[in-house]
There are 2 protein chains.
Amino acid sequence: MSVDPAPTLPDDCAVSHKRQSDINQRFGRAVRRRRREMDLSQEELAERAELHRTYVSSIERGERNPSLDNIEKLAKALDTSIAGLFTDYGIEVEGEPESRS
Amino acid sequence: MSVDPAPTLPDDCAVSHKRQSDINQRFGRAVRRRRREMDLSQEELAERAELHRTYVSSIERGERNPSLDNIEKLAKALDTSIAGLFTDYGIEVEGEPESRS
């Protein structure tokens, strides 16, 4: 007799340690790239963004699925906008998503 | 004798019903504006994005703090990119964040 799986939480309620979705990896690489461009340490970025250093570290490794308000904090701490971060740091390389059928 | 508050979860682990941060409200309005432009119902958008209709509804009301992967799903379902959604639908009106001191 099969058992239905438990209902899953919406994604933004889930702790996403170790889950590495493509968009989270691309976001992490962009944060790292922009942080290094500004010659900031992870700790300095964390302070500017009012986030924890370990959280910034796991973001950069693509291990977190950041929420919109934290994305905004990081963009501001990196002296850019969310759109600027996504456009200029390779998160959405073509500036457009993959085509939908 | 005071008691330390419990450690809080990172924001992307928190259920954010009823919390209405500015960025979440601006994001919600942008999603609604683009959805209406495409003449989609909330249910149709939810189906395209593989999200629940009530989740899309609360996003549009600014009551949720969406995670990056759900932001990406919504942008794709709205036939745009994340940067496009943020640039073209008034989320970051000036294209830049408020200045930092």
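**Exercise 1. Identify which residues touch the most other members of the largest nonpolar core.**

Solution. Begin with the term: a nonpolar core is a set of buried Ala, Val, Leu, Ile, Met, Phe, Trp, Tyr and Cys residues joined through side-chain atoms within 4.5 Å, where buried means under 20% relative accessible area, exposed over 50%, and partly exposed in between (1.4 Å probe, protein chains only). The largest such core holds 46 residues, and those touching the most other members are A:Phe27, A:Phe86, B:Phe27 and B:Phe86. Next, take A:Phe27, whose contacts (heavy atoms within 4.5 Å) include A:Ile59, A:Phe86 and, from the other chain letter, B:Leu68, with residues up to four places away in sequence not counted.

This is a predicted model, in which local features need pLDDT of at least 70 and side-chain atom pairs count only at pLDDT 80 or more, while totals for chains, interfaces and linings use all residues. Residues are numbered from 1 along each chain as its sequence is written, chains are lettered from A in the order in which they are written, and side-chain values use heavy atoms, with hydrogens and water left out.

**Exercise 2. Determine how helix H3 of chain B is covered.**

Solution. Helices here are DSSP runs (H or I, at least four residues), numbered from the N terminus. H3(B) spans residues 53–60, and six of its eight residues are buried, among them B:Tyr55 and B:Ile59. Their cover includes helices H1 (22–37), H2 (42–49) and H4 (68–77) of chain B.

Methods
Helices (H or I, at least four residues) and strands (E, at least two) are DSSP runs, numbered from the N terminus.
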